[in-house]
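Subject: Structure handover

Hello,

Here is the structure I promised to pass on. Please open it first, then read my notes below.

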Amino acid sequence: YARAVGKEGTRCSSPSPPRPCRPTPLWASDPTHHTYMGAPLQLAASTLLEPRFSPSPPRFHRHHPLLLLTLAAAAAAMQSLLLPTASAAVAPAAAPRRGRLPGRVSVRASAAASTAAAPRRETDPKKRVVITGMGLVSVFGNDVDTYYDRLLSGESGIGLIDRFDASKFPTRFAGQIRGFSSEGYIDGKNDRRLDDCLRYCLVSGKKALEAAGLSLGSKPMEKIDKARAGVLVGTGMGGLQVFSDGVQNLIEKGYRKITPFFIPYAITNMGSALLGMDIGFMGPNYSISTACATSNYCFYAAANHIRRGEADIMVAGGTEAAIIPIGVGGFVACRALSQRNDDPKTASRPWDKERDGFVMGEGAGVLVMESLEHAMKRDAPIIAEYLGGAVNCDAYHMTDPRSDGLGVSSCIKQSLEDAGVASEEVNYINCHATSTLAGDLAEVNAIKQVFKDPSGIKMNATKSMIGHCLGAAGGLEAIATVKAITTGWVHPSINQFNPEEAVEFDTVPNVKKQHEVNVGISNSFGFGGHNSVVVFAPFKP
């Protein structure tokens, strides 16, 4: 590692005339320090970049064979970071000949298509993940079939806000839920205390279990191994009304008037926690909060718990209730919302040239996901199959998407790889499509990078009818994707009046279409650059 170690930790070159010396790095004087995290990269970087102290042009040190291996590994890691969509192949380092200094490590990027094996779907019944139940709370009600029928009819659920006085807001409309009832699912005392975010979670979760044949108190439910059953329902905003009320009480009346339920009902994990308490599931239980990508992150994580053998069954999805003054006002401040107050029902218009921002929505969407083996043992109703998914990050901007679509296209490719699906097999995409100026086209650009031939692919925008339900959006859209698979009909993207020419795919404009879905994907993206894609298909034994 050093030609010589002089007194007081200095490295000195032996030839004459003498050359300057400087302190030896800790990693050079003591090889045992290579074990701490980060040492290989530090060693590689400093070795590649550090010139020998000489008046002559910089040269590189002689290297121990272990150092060459470290450099090769570090180079591969760096290459994979720089080229996330290509596989990096590191050329074996030739042993240095005596009297010669080794050159730089050779790194080359090989095309993924030339080396990747053909996609192969999971066949192990313990690792195959199927959908056995779906539950929701939406602007179209709490019944899955009614919800999808109204989507197929092209009905808009957007209207003027009447939950609070929005007359002074520049945006005065949303996909507000009216007439919600939790009767039979939440006891009256708790129902009065809970934030709507939690109420939507509990009702949709229990409805999904009912659809899966696991009603509370039923014999099938009693047979479930509760230690291997979990809950993973996330939210982007949490109990926002409870939080807002608590802050207002603090300001107006002092801390003594803050309810003791303020913290428990405001934090994002409480939906999963309360649902787990009600149904007795003792397996993995937590929430994920990745803004509008939340639900898909939850599906992905829940499926991986099953695939790793940590759970047999998971209740997963997202919930959100942010149509309150602070929620609407916050998005107004972001300049993210449409201001088409004179015609709210046409305000959400993804891919239309006249779009002017997204429309807020609310609700919850939950799936019951379980291993095929577990579902078959209990003779569960299998609705569809979850093939795979992926999550990643743009690492670009807090609210704006990457215009080149790199993060999203990489996420789609990774989801298909995880699912064992070739891009040619996908013929339906439920898009994120929020009706924002930048977001809609950025998503389309990313989709084009993965799916070269748009013919045969239908893609649509659920948000054109129910608005953007934030953390619950992916849950409600996953249900729409599964219903497209089971019914053979894809719902329209409404308000397509003057579509962008750059959108070369069939967006199912304004009227539903019959379409047999082979493989469908559902995209969700969130503030912070969070990308998520999940893949569904008809169940085939």
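This is a predicted model: local features need pLDDT of at least 70, side-chain atom pairs count only at pLDDT 80 or more; totals for chains, interfaces and linings use all residues.

A polar contact is a pair of N or O atoms within 3.5 Å; within protein, one of them must be able to donate a hydrogen and the other to accept it.

**R340**

The side chain of R340 has a polar atom 2.6 Å from the backbone oxygen of E354. That distance is within the 3.5 Å cut-off. R340 sits in the loop between helix 13 (325–333) and strand 10 (363–371). Is R340 buried or exposed? It is buried, because its relative accessible area is 19% and the limit for buried is under 20%. Leaving aside residues up to four places away in sequence, R340 touches F173, T346, A347, R349, E354, R355 and D356.

**Aromatic rings**

How many aromatic pairs does a search of the whole structure find? The search finds seven. One of them joins F164 and F169. This pair is edge-to-face, with 5.7 Å centre to centre and 70 degrees between the planes. Both F164 and F169 are buried.

F180 and Y200 form another edge-to-face pair. Here the centres are 5.0 Å apart and the planes are at 80 degrees. F180 lies in the loop between strand 7 (173–174) and helix 6 (188–193), and Y200 lies in helix 7 (residues 196–211), so the pair ties together parts that are 20 residues apart in sequence. F180 counts as buried, at 17% relative accessibility. Y200 is buried too, at 1%.

There is also an aromatic cluster, formed by F331, F358 and F527. Elsewhere, look at W489. K512 lies over the face of its ring, 4.7 Å from the ring centre.

**Nonpolar cores**

The largest nonpolar core has 47 residues. Which residues have the most contacts inside it? They are Y147, L367, M369, I466 and F536. Helix 18 (residues 473–487) gives this core its largest share, eight residues.

Not counting residues up to four places away in sequence, its contacts include V129, V130, I131, F299, A302 and A303. I306, D312, I313, M314, A316 and Y386 are also among the residues that M369 touches.

A second core is separate and has 37 residues. Among them are V137, I177, F262 and A321.

Over to you.

Best wishes

Definitions and conventions. Residues are numbered from 1 along each chain as its sequence is written. Side-chain values use heavy atoms; hydrogens and water are left out. Rings of Phe, Tyr and Trp (its six-membered ring) pair if their centres lie within 6.5 Å; planes under 30 degrees apart count as stacked, over 60 as edge-to-face and the rest as tilted. Buried means under 20% relative accessible area, exposed over 50%, partly exposed in between (1.4 Å probe, protein chains only). Helices (H or I, at least four residues) and strands (E, at least two) are DSSP runs, numbered from the N terminus. A charge sits over a ring if NZ of Lys or CZ of Arg is within 6 Å of the ring centre and within 35 degrees of the ring normal. Contact means heavy atoms within 4.5 Å. A nonpolar core is a set of buried Ala, Val, Leu, Ile, Met, Phe, Trp, Tyr and Cys residues joined through side-chain atoms within 4.5 Å.
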